[in-house]
Amino acid sequence: MPTAINNWQMDRKTGGPGKQEKPEYRSAFRILGSYVGPHRATFAWVVVCTLIAISSELFQPYLVKVAIDDNLMAGKSDYGSLLVICAVYLGLSLSGLVFTYLTNNLLQFAGQSIVARIRKQLFEHIAKLSMAYFDKTPSGSLITHVSSDTEAVNQFFNQVLLTLLRDGVTLIAILGMMFYLDSTLGLYCLLLLPLIAIIAISFRSYMRKTYQMARSRLSRLVAFVAENLSGMSLIQAFQQQKAQAEQFKERNEAYFSANVREIRTNVMFNRTFELLGNLTIAFVVWVGGKSVLGTTLEFGVLYAFITYIRQFFQPINAITQQWNTLQSATVAANRIWGVLQTEQEVTDPAEPHPVDLESVQGRIDFNRITFGYASDSPIFRGLDLHIRPGEMIGVVGTTGAGKSSLVSLLCRFYDVQEGSILIDGSDIRELPQAQLHRIVGLIQQEPYLFAGSIIDNVRLFDESISREEVVRACEFVGADPLVRRMAEGYDTRLSDRGSGLSAGERQLLSFARILVFRPKVLILDEATANLDSKTEQLLQEALHIVSQGRTTIVIAHRLSTIMHADRILVLRHGEIVESGTHPELLERGGYYEELYRHSQGEHQAENCG
Ligand SMILES: Nc1ncnc2c1ncn2[C@@H]1O[C@H](COP(=O)(O)OP(=O)(O)OP(=O)(O)O)[C@@H](O)[C@H]1O
C-alpha cells in the first residue's frame, strides 16, 4: 500500500508520467526485422498478393476508359466486347477482394505469431531476471512492456507495414497510370506533391503532439485506477473516496480534452486533404475538359484521371495517419529490446556442480561475507555464521538489521560481494539455481497464492506430485479441516492471491507446500507475524512438524516462535551481536533479554485486556 501512496504523491509532483521517449527508427527496424526471418515466405506471399490486389483495383478505371473511348464514344454497337469488358471488370473486383483478404490474413497471422513469440520471450526473460532488477523496475512498467508495448508492435505489422506496402505501391502505380494516360495532366498532378508534403508535415508535428498527449493522459488515468484498486482498503479505511474521485475527475477530464483535440486534429487533416483532392479534380475537369472539347483528349481518359485522383489522396492520407502508430511501435520495440537485453545478475555457472538432492545434509556456512544493495554501503562486512545440519536457528534484531537480507543471500536472490556461502561444503554459486531452490525452501510473511485450485497451489502446478501427497501434507500441518470446509474441498479455486482466505490460512497452505517439496533447508521470514495467537499456535505446531530433519532458520519479531530454537542470533547493523539458547541469552542480559521483558509485558497486557 505505501507504494500506492508514494505514486499518488509522485504523480502530483511531476504532473504525470515521464516524457515520451524519442523513437530510434534504425534500431527498431533492425529488431523487428530479426523477427521476420522465420516468416520470410509469408511476407513474400503478402507482397505478391498485395501487388495482385493493387493491380486489380487500378485496372478498373482503365477498363471503364476503354469501354468509353473504344466502344461508347466510337459509336460502336459491339455489345459482345462491352460484355467482355464488364466481365473482366467484375473479375478484377473479385480478384481485388480475394487478394486483399489473403494479404490481410497472411499479415495478421505472421504479425500475431511474431508478437506472441515476443510476448513469450519477454515473460520468460523477465522471470529469469535477478531480484536487483525488480528492486529498480516498477512492476507497472513491466506490465506495460508485456501488454501495451507488444500490442504496439502488433500494430506495426498489421497496420503500418500493410499501409506502407499497399498504399506506397498504390501511390506509385497511380502516378504511373496518370503519366501513361496523359503526361501533361500527370505533370500537373505531380506539381501537387510539394503542396501535399507541406500540409502533411505541418499537420504531422501537431498530430504527434495530440496523439502523445492522449496516450500519456490515458496511461496516467489507468495507473491511477490500478493504484486505487490495489489500495482500496486504505482508501475506505481513511474515507478517501471523495478525494480520490476528485483526482480521478481531473485525470478523466484531462484525457477527455486530449481525446477531443486529437480527433479534431485528425478531422481537420482529413478534410484539408479532401478539399485539396476536390480542388485538384475541379482543376483537372477544367484543364482536361478544355482538351476534351478541343478533341486533344479522349473523354474516357478524363474519366479515368478523375477516378485516379480520387484514389491518389487515400493512400497519402493513410500513410500520414500511420505515422503515430509507427512512432509508438518504434519506441515500444526499443523498450522491449531493452528488457530482453537486460542480463541476469545472478547466473548459473558455466559448469555447474549439481549435488545429489537426497544426500544433502543441510550444513550452512556463511564465510566472511560482505554484501550491500549498493556496493559502496555494505550491510554485512565479513559476517561469519556456521549452521549445523538439522539445527534450528532463530534470528531476531532491530528493524533494518539485515535479517531478510541474510536469507535472501542464502536463496541467491543476490550474490555476495566478498566471501562465500556454502551448503554441505558446496558454494551456492556453483550449484544450478533450480537445484538450490529445491534445497532451500522459503516461507515469507505474505505467502503467495496463485489463481488456481488448492491442490495446484500446494504442489505449484507440478503434476508429478500426487493428490494424495498434497492431502497428506495438509493433514500434517493442520490445514486439512480448513480445506474440507470449503465448497469444493481441494478443488476449490482460489481467487486473486487467495484473497478469500485469512492470512493464517494462506500461511498454513504454504507450510503444506514446503512439506510437499521437502527442502533440506527451511527459512521462515516473519512467517508468523500479523497472526492472532490462536493461529500462531496452530502454525507453531505446523512448524514443529515441518522443521523435523531440516536445517531451519526462523526470523521472528515474536519471541514465542523462536524460544525453543537450538540457537538464537541477535543481529544489529549487519553483525551478530548475541548468540546462544533462550536461557543463555536471558542470563546474559543484553538486547535479547530486553526484547523478552518487553514481550512479556505485552503478553500480560494482552491477557489483562
Ligand atoms: N531491495 C533492497 N534494495 C535496497 N536496500 C534494501 C533492500 N532491501 C533491504 N534494504 C536495506 O537493507 C537494510 C537491511 O534490510 P533487511 O530487510 O535485511 O532488514 P531486516 O532486519 O529484515 O528488517 P525488518 O525487520 O524491518 O524486516 C535496510 O537498511 C534496508 O533498507
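Trainee: At what angle do helix α7 and helix α9 pack, and how far apart are their axes?
Mentor: This is a predicted model, in which local features need pLDDT of at least 70 and side-chain atom pairs count only at pLDDT 80 or more, while totals for chains, interfaces and linings use all residues. Residues are numbered from 1 along each chain as its sequence is written. Helix α7 (residues 183-230) and helix α9 (residues 241-293) pack at about 170°, with axes 9 Å apart; axes are lines fitted to C-alpha atoms, for helices over the stretch in contact, and angles run from 0 to 180 degrees between N-to-C directions.

Trainee: Why is α7 called roughly antiparallel to α9?
Mentor: Angles under 35 degrees count as roughly parallel, over 145 as roughly antiparallel, 65 to 115 as roughly perpendicular and the rest as oblique. The angle of α7 with α9 is about 170°, and therefore α7 is roughly antiparallel to α9. By class, their contact has 23 nonpolar, 11 polar and 5 charged residues.

Trainee: What makes α7 and α11 oblique to each other?
Mentor: The axes of α7 and α11 cross at roughly 55° and come within 10 Å, and so the pair is oblique. The crossing of α7 and α11 is right-handed, a word used if the near helix is turned clockwise from the far one by less than a right angle, whereas anticlockwise gives left-handed. The contact is made by R204, M207, R208 and Y211 of α7 with W323, N324 and Q327 of α11, where contact asks for C-beta atoms, placed from the backbone, within 7 Å.

Trainee: Why is α4 called oblique to α11?
Mentor: The axes of helix α4 (residues 79-128) and helix α11 (residues 323-341) cross at roughly 40° and come within 9 Å, which means that α4 is oblique to α11. α4 passes α11 in a left-handed crossing. On the α4 side the contact is made by I118, Q121, L122, H125 and I126, and on the α11 side by I336, V339 and L340.

Trainee: Which residues surround the ligand, and which helix gives the most to the shell?
Mentor: D135, Y373, I379, G397, T399, G400, A401, G402, K403, S404 and S405 surround the ligand, a residue being near if its C-beta atom, placed from the backbone, lies within 6 Å. Helix α12 (residues 403-410) gives the most, with 3 residues.

Conventions: Helix = DSSP H or I, 4+ residues; strand = E, 2+ residues; numbered from the N terminus. Contact = placed C-beta atoms within 7 Å. Nonpolar A, V, L, I, M, F, W, Y, C, P; charged D, E, K, R; others polar.
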